[in-house]
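Dear colleague,

Please find below the structure that I am handing over to you.

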Amino acid sequence: MRRIKIFDTTLRDGEQSPGVALTPDEKLAIAQQLARLGVDVIEAGFPIASQGDFEAVRRIAEEVEGPVIAALARAAKPDIERAAEAIAPAAKKRIHTFIATSPIHMEKKLRLTPDEVVERARWAVAFARGFVDDVEFSAEDAGRSDPDFLVRIFGEAIRAGATVINIPDTVGYQVPWEFAELVGYVIEHTAGAEGVEWSVHCHDDLGMAVANSLAAVRAGATQVECTINGIGERAGNASLEEIVMALYTRRDFFQAETGVNTRELSRASRLVSQLTGMVVPPNKAVVGANAFAHESGIHQDGVIKARETYEIMNAELVGRQAAVLVLGKHSGRHAFRQALQELGYELTDEEIKQLFTRFKAIAERKKTVSAEDLVALIEDERTRAPEHFKLIDLQVHAGTQLTPVATVKVQTPSGEVQEAATGDGPVDAVYRAIARAVEMSPALEAYRIEATTGGTEALGEVAVRLRMGTVVVGGRGVAPDIVEASARAYLDALNKLVAGVGSREVVETP
Ligand code: KIV
Ligand code: ZN
C-alpha cells in the first residue's frame with residue numbers, strides 16, 4: 001500500500017470561500033478537529049493577508065500538535081518572512097510558496113518573462129529554506145501551463161531545496177485523463193523528482209476536483225490538497241472526505257491508504273459547516289444528510305436483508321452513528337462528563353461547569369438531549385465571543401393576523417437596556433429591537449437556520465453574517481427555540497464586531 005498524505009487547506013483556500021470570515025478562535029477549533037482527524041498537513045492560513053490571518057496561524061502553530069503546520073506565501077520577501085514568523089512555534093512547520101506558471105498568468109497578471117518566473121521561484125524556495133527545512137513550491141495554474149516549463153521550474157525549485165512540489169489545477173480546467181498524463185509526465189521528467197513529495201491541488205469548477213485528484217494519485221502523486229466539505233475559492237476544492245473514503249473504499253483499486261481517522265469525518269464536516277455558515281447539501285457524498293438514507297421500498301427491503309446490497313460504506317465508519325447516549329433533565333454531572341468523554345472532548349472543569357448549566361436549562365425544556373445537541377452546544381460555547389452584550393430576556397408576539405412585536409432586555413456595559421420593535425417577521429422584530437438596545441445597526445448579509453437532529457424536539461442552530469463597512473463577522477446561536485437561537489446568533493456577531501475579531505480586510509489572495 002502506498003501512503004498518501006492529506007494536506008488540508010480548509011483554513012486557507014477554504015476560508016477564501018465567498019462570504020466566509022472565521023475568527024482566530026474558530027480557526028483554532030477547526031485546526032484541533034483536523035489534528036484529531038489525523039491529516040498530515042494543516043495549511044493554517046496566509047499570514048501576509050491580514051493581522052487576523054497572522055494571529056490565527058500563530059495560535060495554531062503554538063497550540064495544535066501532530067500535523068505539519070503550513071503557511072502560504074507568494075514568492076516575495078515580505079510574504080515569506082511573515083509566514084516564517086507565524087509558524088515559528090510549531091514543532092513541524094512548512095512554508096508553502098507559489099508563483100503562477102501559465103502563459104496567461106505570467107503575461108497578464110505577473111507581467112514577467114518565463115525566465116524571470118523561474119528565477120523568482122528559485123529565489124523564493126532558497127529564501128524560505130533559510131527559515132525552515134520543509135518548503136513546498138506550487139506552480140499556480142499548472143493545469144494550463146506548458147508541461148516542459150513545469151519540468152524546468154520544478155527542477156530548479158528542487159535544486160533550491162524544495163521538499164514538496166505541488167501541481168495545482170487552479171481554475172478547475174483539467175479532466176482526469178489529461179491531468180493524470182500531466183502529473184505522470186512531470187514526475188517522470190523532473191530532475192530530482194524521486195527525492196520530493198508530489199502534491200496535487202484541484203479546484204472544482206467543472207465538478208472534477210475529486211476525480212482529478214484521484215487520477216493524479218494513480219499517476220504518482222503522493223500528497224493530495226483538499227478541504228472539508230470541498231469548500232474553497234469559487235466552486236471549491238477537492239473534498240477531503242470524498243478523497244479519503246474513495247481511497248479507503250476502493251483500496252483494492254488504488255492500493256493506497258491515508259492516515260485519516262475516518263470516524264472523525266462527520267464531526268469535522270459539521271464543525272466546518274457550522275463555523276463557516278456553508279450548508280452541506282443533503283445529497284453530498286459521505287457527509288450529506290441523505291448519504292446513508294434509503295427511500296425506495298426496494299432499497300429499504302434490500303438493506304434490511306443485507307446492508308451491503310445498497311451500501312458501499314458503513315455509516316459508522318465516517319462517524320455518522322450518533323453515540324447511543326441520550327441525556328435528560330435527571331442526568332447528573334457525572335453522566336454529563338462521561339457523555340462528553342464518549343464524544344471525544346477533553347474539556348477543562350470550568351468549561352464543563354458552564355456547559356452543564358446550559359445543558360440543564362435546555363433539558364428542562366426538551367425531553368432528551370442527543371449527542372448532536374451536545375456537540376452543537378459545545379461548539380457554540382467554545383467559539384462564542386466575549387459577551388460585551390448579553391441576552392437577558394426575550395418576548396415575541398406573532399401570529400398570522402398580527403404584526404410581530406419583540407421586546408428584548410440586553411445587558412450592556414452601561415447596564416440593562418430594554419427595547420421593543422416591530423418587524424416583517426418575529427426574527428426581524430427581534431433583530432430591530434436588539435439593534436436599538438445596543439445602538440448598532442450592521443447589515444444582515446446572511447441568515448441560516450438548521451436543526452441539530454430531525455423532529456420538532458431538535459435544537460435550533462442559527463448562523464448569521466453581519467457587515468459594518470468593510471468588516472464582516474459571523475455569529476452563531478443554539479437554543480431549543482429558533483427565535484432565541486436567532487437572537488443569540490445576532491448578539492454573538494455583534495460581540496465579535498465590538499471585539500474587533502472576525503474581520504476580513506480586503507486583500508489580494510491567490
Ligand atoms: O489554487 C491554487 O493554485 C492555490 C495555490 C496557492 C496552491 O490555491
Ligand atoms: Zn487553490
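The axis of a helix is here a line fitted to the C-alpha atoms over the stretch in contact, and an angle between two axes runs from 0 to 180 degrees between their N-to-C directions. Please keep in mind throughout that this is a predicted model.

Helix 16, which covers residues 426-438, packs against helix 17 at an angle of about 35°, and their axes are 10 Å apart. The crossing of helix 16 over helix 17 is right-handed. On the side of helix 16, the contact is made by Pro426, Val427, Val430, Tyr431, Ile434, Ala435 and Val438. Helix 17 contributes Val483, Ser486, Ala487, Tyr490, Leu491 and Leu494. Of the residues in this contact, twelve are nonpolar and one is polar, while none is charged.

Lys496 is paired with Asp492, with 3.3 Å between the closest N and O atoms. Both residues belong to helix 17 (residues 482-499) and are four residues apart, about one turn of the helix.

Arg270 and Glu461 meet through their side chains at 2.8 Å, N to O. Because Arg270 lies in helix 11 (residues 265-276) and Glu461 in strand 17 (residues 460-468), this pair ties together parts that are 191 residues apart in sequence. Arg270 is partly exposed, at 21% relative accessible area, whereas Glu461 is buried, at 10%.

A further salt bridge joins the side chains of Arg234 and Asp205, at 2.7 Å from N to O. Arg234 is in the loop between strand 9 (223-226) and helix 9 (240-249), and Asp205 is in the loop between strand 8 (197-202) and helix 8 (209-218); the two are 29 residues apart. Arg234 is partly exposed, with a relative accessible area of 42%, and Asp205 is partly exposed as well, with 31%.

Finally, a network of salt bridges links Arg358, Asp380, Glu381, Arg384, Glu387 and Lys390. The count for the model comes to 42 salt bridges.

Yours sincerely

Conventions: Residues are numbered from 1 along each chain as its sequence is written. Chains are lettered from A and ligands numbered from 1 in the order in which they are written. This is a predicted model: local features need pLDDT of at least 70, side-chain atom pairs count only at pLDDT 80 or more; totals for chains, interfaces and linings use all residues. Side-chain values use heavy atoms; hydrogens and water are left out. A salt bridge is a side-chain nitrogen of Lys or Arg within 4 Å of a carboxyl oxygen of Asp or Glu. Buried means under 20% relative accessible area, exposed over 50%, partly exposed in between (1.4 Å probe, protein chains only). A crossing is left-handed if the near helix is turned anticlockwise from the far one by less than a right angle, and right-handed if clockwise. Contact means heavy atoms within 4.5 Å. Ala, Val, Leu, Ile, Met, Phe, Trp, Tyr, Cys and Pro count as nonpolar, Asp, Glu, Lys and Arg as charged, and the others, Gly among them, as polar.
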